[in-house]
Amino acid sequence: EQSEKQKALEERDMTVFQEILPEAVSKANAAEDAVEKAVITSEMIAAGGDDLDEVRQAVGATEQAVQEAQKAMGEARIFLNAKQAAARRYESEKVKAKAIQELGQLQQQLQEAQGKLSPLKNVRQEFVQRTAAQKMMQEVLEKLSPAEVDVDRAEEATQMLTSEEGASKELMVQAQQAVAKA
């Protein structure tokens, strides 16, 4: 009689678990898919290259995809946590262990997806920083170019002075001005 009672509990718990498992898998897979979509969308940022408008759109699309993925992750986590708590109350130890193990695997799947999603959360900040760095680099290059020309002129004037033995006072003044300017 004890064995029959155990078997009936096992069947009942297994039936309950089998009813929730497809939804748990579906929610975990949906969250994982949303994360993959966000990752793919973020790749559009690099593909935009120097086209600022295209990159801005890609950043916006990535932010939106990250928010959707984060929402799906949250829903899946809540669902899995609730079902794990329910599984701990199963009377059949065999079914309880199986349910906790399978739901745990789904939780692990979500954690791995979260690891992929986390770096994408700062995509706007990174874009702003990269744009600022590019702008600063451009400004530095704009200041360096005229300085290079001045250095070349000073070098030429100095070479002229050293190559001509009887350097005129006029050439000497020109060389000093070019060196001072550089």
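The side chains of Lys-37 and Glu-68 meet in a salt bridge, with N and O 3.7 Å apart, where a salt bridge is a side-chain nitrogen of Lys or Arg within 4 Å of a carboxyl oxygen of Asp or Glu. Lys-37 lies in helix H1 and Glu-68 in helix H2 (residues 52-87), so the pair ties together parts that are 31 residues apart in sequence. Lys-37 is partly exposed at a relative accessible area of 47%, and Glu-68 is partly exposed at 38%; here buried means under 20% relative accessible area, exposed over 50%, and partly exposed in between, with a 1.4 Å probe and protein chains only.

This is a predicted model, in which local features need pLDDT of at least 70 and side-chain atom pairs count only at pLDDT 80 or more, while totals for chains, interfaces and linings use all residues. Residues are numbered from 1 along each chain as its sequence is written, and side-chain values use heavy atoms, with hydrogens and water left out.

Side chains of opposite charge can pair when their charged atoms come close. A search of the whole structure finds nine salt bridges, and the table lists some of them.

| Pair | Closest N and O atoms |
|---|---|
| Glu-10 and Lys-94 | 3.8 Å |
| Glu-93 and Lys-96 | 3.3 Å |

In the salt bridge between Glu-10 and Lys-94, Glu-10 lies in helix H1 and Lys-94 in helix H3, so the pair ties together parts that are 84 residues apart in sequence. Glu-10 counts as partly exposed at 25% relative accessibility, whereas Lys-94 is exposed, with a relative accessible area of 59%. Glu-93 and Lys-96, by contrast, are three residues apart in helix H3 and are separated by about one helical turn; Glu-93 is exposed at 52%, whereas Lys-96 is buried at 17%. Arg-12, Asp-13 and Glu-91 are linked in a network of salt bridges.

The protein contains five helices and zero strands, both being DSSP runs numbered from the N terminus (helices H or I, at least four residues; strands E, at least two). Of its 182 residues, 29% count as buried.

Helix H1 (residues 2-47) has 46 residues, which at 1.5 Å a residue should span 68 Å, and its end C-alpha atoms are 66 Å apart, which agrees; the expected span is 1.5 Å times one less than the number of residues. Within H1, a kink of about 30 degrees lies at Ile-20, shortly before the proline Pro-22, the bend being the angle between axes fitted to the seven residues ending at a residue and the seven starting there. H1 is followed by Gly-49, whose phi is positive, near 60 degrees.

Elsewhere, Met-136, Met-137, Val-140, Leu-141 and Leu-144 make a nonpolar surface patch of about 500 Å². Such patches are made of residues with over 30% relative accessible area and no salt bridge, nonpolar side chains (Val, Leu, Ile, Met, Phe, Trp, Tyr) being joined within 5 Å and like charges within 9 Å.

As for confidence, the protein averages a pLDDT of 85, and 88% of the residues score at least 70, pLDDT being the predictor's confidence in each residue, from 0 to 100. Confidence is lowest in helix H5 (residues 169-181), at a mean of 67, and highest in helix H3 (residues 93-117), at 94.

Note on methods. Accessible areas come from the Shrake-Rupley method with a 1.4 Å probe; for residues, only the protein chains shown count as cover.
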